[in-house]
2 protein chains.
Amino acid sequence: MLIVKKFGGTSVGNPDRIMKIAARCIEDYSRGDDVVVVLSAMDQTTDELIDLAHKVNEKPPKRELDMLLATGEQVSAAMMAMAMDRLGVRAVSLNAFQVPMHTTSRYGSARLKRIDTDRIMHELEDRKIVIVTGFQGVNKYDDFTTLGRGGSDTTAVALAASLHADACEIYTDVDGVYTADPRICPKARKLPEITYDEMLDLSTLGAGVLHNRSVEMAKKYEVRLIVRSSLNRSEGTIVEERVNVEKMLISGVALDKSADRISVIGLRDEPGVAFKLFDVLAKANINIDVILQSIGRDGLKDISFTVSDDDADDAMQLLQDSQTRLHYRDLSINKEVAKLSIVGAGMMSNPGVAAKMFEALYNEDININMISTSEIRVTVLISERDGERAVNAVHDAFGLGEE
Amino acid sequence: MLIVKKFGGTSVGNPDRIMKIAARCIEDYSRGDDVVVVLSAMDQTTDELIDLAHKVNEKPPKRELDMLLATGEQVSAAMMAMAMDRLGVRAVSLNAFQVPMHTTSRYGSARLKRIDTDRIMHELEDRKIVIVTGFQGVNKYDDFTTLGRGGSDTTAVALAASLHADACEIYTDVDGVYTADPRICPKARKLPEITYDEMLDLSTLGAGVLHNRSVEMAKKYEVRLIVRSSLNRSEGTIVEERVNVEKMLISGVALDKSADRISVIGLRDEPGVAFKLFDVLAKANINIDVILQSIGRDGLKDISFTVSDDDADDAMQLLQDSQTRLHYRDLSINKEVAKLSIVGAGMMSNPGVAAKMFEALYNEDININMISTSEIRVTVLISERDGERAVNAVHDAFGLGEE
């Protein structure tokens, strides 16, 4: 078996933790498996490096920022190799140049293009544990790039795909994917398995275990992903193409409090209005989400949509600046909203899932603002203060807490 | 003009200093010169990384230690490029892979083999300041190596040679090479120029401004070296093949307190004894220095020699372990000795230089233990407590303090 194991910054946050992770990786290696370890920078390192950069330049050139940040994973990778050597196992650390991991040119948010696996295969044949720096790559100019958010997960999945690994284990501080956030839903249960699509919807909805890019790539190359804890021996959750969907109608309930609702009031009810509105935001790279358009009346209509907290101020500013061009009467924002979603491949063949969700919310006297659905997801916008009550009500209604 | 400028760890020790160095490099650049900057890791960084490594492995594999240490210069190089960008000048940082700097395979003490200058030349043609990581290289396995002590100086000189630079400026915390250590000899005077060979002898004798490897390389490739201060605008000292030797008989007086004298008493007075003795030490990579052998009497002789403080304990241990094989009667060590040297290309054609030195010491009632000479150097071993007095006496005798 060839296994790729990815550990985040917390897992390698100090020398003690590095020793623990080293010991854990060696267990699989000693059973005869080939082991490739992908590491993030040690906890805090990336933030500290960014702070350091800002001391000489508040807007550092991205090429140089990536050059600086790339040192973070190189430190943790070398440390891990030393820890394994101490435990008597031969290991070798490789940075993006040494693999090499080819990416697009775009500094700060490069995409992986191609991984040369020769050196890794050679080191594995030599019975070494291979430790690869996550998050970083090399572009066609022979410069370091970084992959942006969720970069190390992406590195791990891409390596697993290129090496035709039997599994890609993503170690986190939770022990798998849950039917709901256990911090707000006491009955939440760990899922033994979940489909790529469900995982994608859950990631988007802020369940936060895996970054979407890595799940998309895993789906595309059919990499068997396993989400598990670096702190305990729990089995984790397997993300695969096909799981036993008949067992469960839906897989989980997700709550995203980071959504804000922006309402544009009194737009002209004529063709092209929605296009113009969203084009302004799209050009500024602002993702909009649930959209609701009122039925036109007196030649006017309203459009509401959600954006993430991070983008809300920018979006409001852009819309204010465009008032003359967009011809609207009024603009408002509501930050006290939350998105509640149910996700499940099983709902495709089961009508009435949405109705059941709405009923559960009605029984709790929770008002629904907006609704959006996909094949395997139903999302409603509710008031933020109702969020936790809503999660539990829906979780109960679908019997997610039961084995 | 193409100028290579090398700055040590202290010069780039914090963001403020990096900004200052950046501004200074930009001055030359703005005059139209092509500028290549070689940097060490920020002050303390290398030590901190070694400490970190020791927390997981007291004897870290050298390959991984070099992988870890190589991040130090990458951080300072990226920071410098950001600082220059802030000051409105285009700069690009390059690590050993990006240059690339090819070295021998030996981790921790690699030797530079070849530098590809294509990328650097290309960036210079593009009117960028090129910042290169000192101290590190890449070996034939595509692994990071480090060059050991004085590594960044060596990187700078090798780059200057490969790029056919007009000068290689080594910035330090002193403003040049002095006729004696100004801390112990108040009349010491900065030398405007000095030959490679004189500089080599001074380096060996602990004057400590430049590492010998870099001076040897500068001599071999006729690189015009300039030692100057990163703190002030002083002219510095030029190290070249030929200087106006007639002006001065000797260039400087050096005192090395780190020498210890080991005496091996009662060796058999027969061929091969000295060979056997020094072979034991050579095999352990211990450098021995001034050697004195007594005239044999009663079939026995004594051999004394100096070693550096660092090697003294190892040398004593080795000799004790070899007593049966070497057949000596007694072994002693004196740590209270110092080496006093005068260095000067001018003494080659001037007999009586050594006599003048001995006279100066005699006048001060300073006893000479051992004597060793080369073409451009006279070294005597004296008591450590006489050291500073001896330096001043000899400095005066040769009139070194006078213009």
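Predicted model: local features only at pLDDT ≥ 70, side-chain atom pairs only at ≥ 80, totals over all residues.
1. Glu222(B) sits in the loop of chain B that runs between helix 7 (212-220) and strand 11 (225-229), and its phi is positive, at about 50 degrees, although Glu222(B) is not a glycine.

2. His164(A) belongs to the loop between helix 5 (151-162) and strand 9 (167-172) of chain A, and it is exposed, with 10 other C-beta atoms within 10 Å.

3. The backbone also deserves attention at two proline residues. In chain A, the peptide bond that leads from Val99(A) to Pro100(A) is cis, with omega near -20 degrees, and Pro100(A) is placed in the loop between strand 3 (91-94) and strand 4 (101-103) of that chain. In chain B, Val99(B) and Pro100(B) are joined by a cis peptide bond whose omega is about -20 degrees, and Pro100(B) lies in the loop between strand 3 (91-94) and strand 4 (101-103) of chain B.

4. Turning to the sheet of chain B, the reader will find an open sheet of eight strands with mixed pairing, in the order 3-6-2-1-9-11-12-10. Its edge strands, each of which pairs on one side only, are strand 3 and strand 10 (193-195) of chain B, and from one strand to the next the twist averages 20 degrees.

5. Within chain B, strand 1 (residues 2-7) and strand 9 (residues 167-172) pair in the parallel sense over five bridges, and Phe7(B) stands opposite Tyr171(B), a residue in strand 9 of chain B. Helix 4 (residues 118-125) of chain B lies across strand 2 (34-39), strand 3 and strand 6 (129-133) of chain B, and runs at about 150 degrees to strand 6 of chain B.

6. Which elements give two or more residues to the side of chain B that touches chain A? In the contact between the chains, 27 residues of chain B meet 27 residues of chain A, and the elements in question are helix 1 (15-30), helix 2 (45-56) and helix 3 (62-86) of chain B. Helix 3 of chain B provides the largest share of this side, 13 residues, and by class the side of chain B that touches chain A has 17 nonpolar, five polar and five charged residues.

Note on methods:
Residues numbered from 1 in each chain as written. Chains lettered and ligands numbered in written order. Helix = DSSP H or I, 4+ residues; strand = E, 2+ residues; numbered from the N terminus. Buried ≥ 20, exposed ≤ 12 C-beta atoms within 10 Å, placed from the backbone. Contact = placed C-beta atoms within 7 Å. Nonpolar A, V, L, I, M, F, W, Y, C, P; charged D, E, K, R; others polar. Pairing = 2+ DSSP bridges. Axes fitted to C-alpha atoms, helices over the stretch in contact; angles between N-to-C directions.
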